[in-house]
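Subject: Structure for you to look over

Dear colleague,

I am passing on the structure we spoke about, and below it you will find my notes on what turned up. Please read them with the structure open beside you.

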Amino acid sequence: LSTIGLAAFMSFMQPYLLTEMLDVPTGQQGRLTGGLGALRELVAMLLGGFVGAWSDRLGRRPVYVVGLVTMGFGLALVPLATSVPELFAYSLLFAVGVSIAPLMLSACVVDAIQEKSRGRWVGSNNLLQGFGVVAMSLGLAKLPMWFASQGADPPAAGRYAFWAAAAIAVIAAAIMALG
């Protein structure tokens, strides 16, 4: 419910982040968005094999927890960026987390279930992922508007929304660690 939704949250919030928080001109946002997406993909390609091997040695759960916590830290830091280089640095941390957690999600789906019930498990997992994305797009991504209606200025409203998402990542990590 949380892993894919939190990964999608950044995509939903990026226009707000660039416009309201970093004051990036609209004409420059496409190139910047492409660069940030390329950064996430590069990190995923570089970490995929390592993360898989690491989880084979350490176990899926602790590596998944690390991924969620890293996503949370990235989500907490990204709205603090005051420049494009800072945004890339903080986004790198988020990219590491978003490379680890979904990979562990896939590994857990494959590992945890007997063959006779795998189809139901994969189907219910995909349904929850869809609900997570919808919750992020209709809930968390709307938080800046709500915080602004409560008197926060646009940058503060964006920070609060990112921090709410970061809290969800940390809560999900705690549930994963204990559950």
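Leaving aside its neighbours within four places in sequence, which residues is L87 in contact with? Please keep in mind that this is a predicted model. With those neighbours set aside, L87 is in contact with L17, L18, L22, L32, L36, V78 and A81.

L87 also belongs to the largest nonpolar core, which has 44 residues and in which F9, L75, L87 and F162 are those with the most contacts. At least two residues of this core come from each of α1, α2 (26–58), α3, α4, α6 (143–149) and α7, and α7 gives the largest share, nine residues.

As for the aromatic rings, there are five aromatic pairs by the rule used. One of them joins F9 and F162 edge-to-face, at 5.3 Å centre to centre and with 75° between the planes; because F9 lies in helix α1 and F162 in helix α7, this pair ties together parts that are 153 residues apart in sequence. F9 and F162 are both buried. F50 and W54, by contrast, form a stacked pair, with 5.9 Å centre to centre and 20° between the planes, and both lie in helix α2, four residues apart. Here F50 counts as exposed, at 52% relative accessibility, while W54 is partly exposed at 26%.

Finally, the largest pocket has a volume of about 520 Å³ and is lined by 23 residues, among which L1, T3, Y64, L105 and M176 lie nearest its centre. Helix α5 supplies the largest share of that lining, eight residues, and by class the lining has 15 nonpolar, seven polar and one charged residues.

With best wishes

Technical notes. Residues are numbered from 1 along each chain as its sequence is written. This is a predicted model: local features need pLDDT of at least 70, side-chain atom pairs count only at pLDDT 80 or more; totals for chains, interfaces and linings use all residues. Side-chain values use heavy atoms; hydrogens and water are left out. On a 1 Å grid over the protein atoms alone, a cavity is a set of points where a 1.4 Å probe fits but cannot get out, and a pocket is an open set with protein on both sides within 12 Å along at least five of seven lines; lining residues have an atom within 4 Å of a point. Grid points are joined across faces, edges and corners, and a volume is the space filled by probe spheres set on the points. Ala, Val, Leu, Ile, Met, Phe, Trp, Tyr, Cys and Pro count as nonpolar, Asp, Glu, Lys and Arg as charged, and the others, Gly among them, as polar. A nonpolar core is a set of buried Ala, Val, Leu, Ile, Met, Phe, Trp, Tyr and Cys residues joined through side-chain atoms within 4.5 Å. Buried means under 20% relative accessible area, exposed over 50%, partly exposed in between (1.4 Å probe, protein chains only). Contact means heavy atoms within 4.5 Å. Rings of Phe, Tyr and Trp (its six-membered ring) pair if their centres lie within 6.5 Å; planes under 30 degrees apart count as stacked, over 60 as edge-to-face and the rest as tilted.
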